[in-house]
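Work through these exercises with the model open beside you. Try each task before you read its solution.

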Amino acid sequence: MRSAGEAALCDCDGWFTCQGAYDIDICTYNHSINPYSTKESRILFSTWNLDHVIEKSREVIPSIVRAVENIPKGKDINWFYFYQLLFTIENLKLVHIACHKKEIHESKKCNPKLFYKRKES
């Protein structure tokens with residue numbers, strides 16, 4: 001059960017709206033679907049994707065590796081930052097397959113200033 005204020009990808013009637021490609025704010029085609037309405041809608045919804053704005057394989061995972069290999073003295077890895085990039089809507093967009101650009105997200109990079117946090121005693 002969701003708590004108050006928690007983000008949802010669908011409205012209260014079960015409608016999902018495409019959030020547009022990684023490099024734009026909204027879907028220019030107004031894609032939307034209610035996968036709960038029919039079997040055909042559920043099948044069609046399976047073609048939608050969760051797209052990492054900052055790419056998982058080209059940017060996030062290599063950044064984790066670099067961060068772990070270069071931990072400064074007195075610092076810990078900021079795992080919460082990387083968790084947000086990998087698993088939350090901070091970095092994931094729900095997109096219709098026609099809006100999912102399968103290209104390198106050149107302008108979207110991890111922020112090295114957020115890789116570390118002060119070591120807890």
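**Exercise 1.** Find lysine 117: how accessible is this residue, and which residue does its side chain meet in a salt bridge?

*Solution.* Start with accessibility. Lysine 117 has 33% relative accessibility and counts as partly exposed. The scale runs as follows: buried is under 20% relative accessible area, exposed is over 50%, and partly exposed lies in between (1.4 Å probe, protein chains only). Next, find the partner. The side chain of lysine 117 meets that of glutamate 120 in a salt bridge, 3.5 Å from N to O. The term means a side-chain nitrogen of Lys or Arg within 4 Å of a carboxyl oxygen of Asp or Glu. Last, check the partner. Glutamate 120 is exposed, at 62% relative accessible area.

Two notes on the basis. This is a predicted model, with residues numbered from 1 along each chain as its sequence is written. Local features need pLDDT of at least 70 and side-chain atom pairs count only at pLDDT 80 or more, while totals for chains, interfaces and linings use all residues; side-chain values use heavy atoms, leaving out hydrogens and water.

**Exercise 2.** How many salt bridges does the structure hold? Which residue pairs with aspartate 23, and where do the two sit?

*Solution.* The count is 4 salt bridges. Aspartate 23 pairs with lysine 101, at 2.8 Å from N to O. Now place them. Aspartate 23 lies in the loop between strand E1 (16-17) and strand E2 (32-33). Lysine 101 lies in the loop between strand E5 (92-95) and strand E6 (116-118). The pair links distant parts of the chain, 78 residues apart. Strands (E, at least two residues) and helices (H or I, at least four) are DSSP runs, numbered from the N terminus. Aspartate 23 is partly exposed at 36%, and lysine 101 is partly exposed at 32%.

**Exercise 3.** Glutamate 55 forms a salt bridge with which residue? Is glutamate 55 buried or exposed?

*Solution.* The partner is arginine 58, with the closest N and O atoms 2.5 Å apart. Glutamate 55 is buried, at 11% relative accessibility. Arginine 58 is partly exposed, at 48%.
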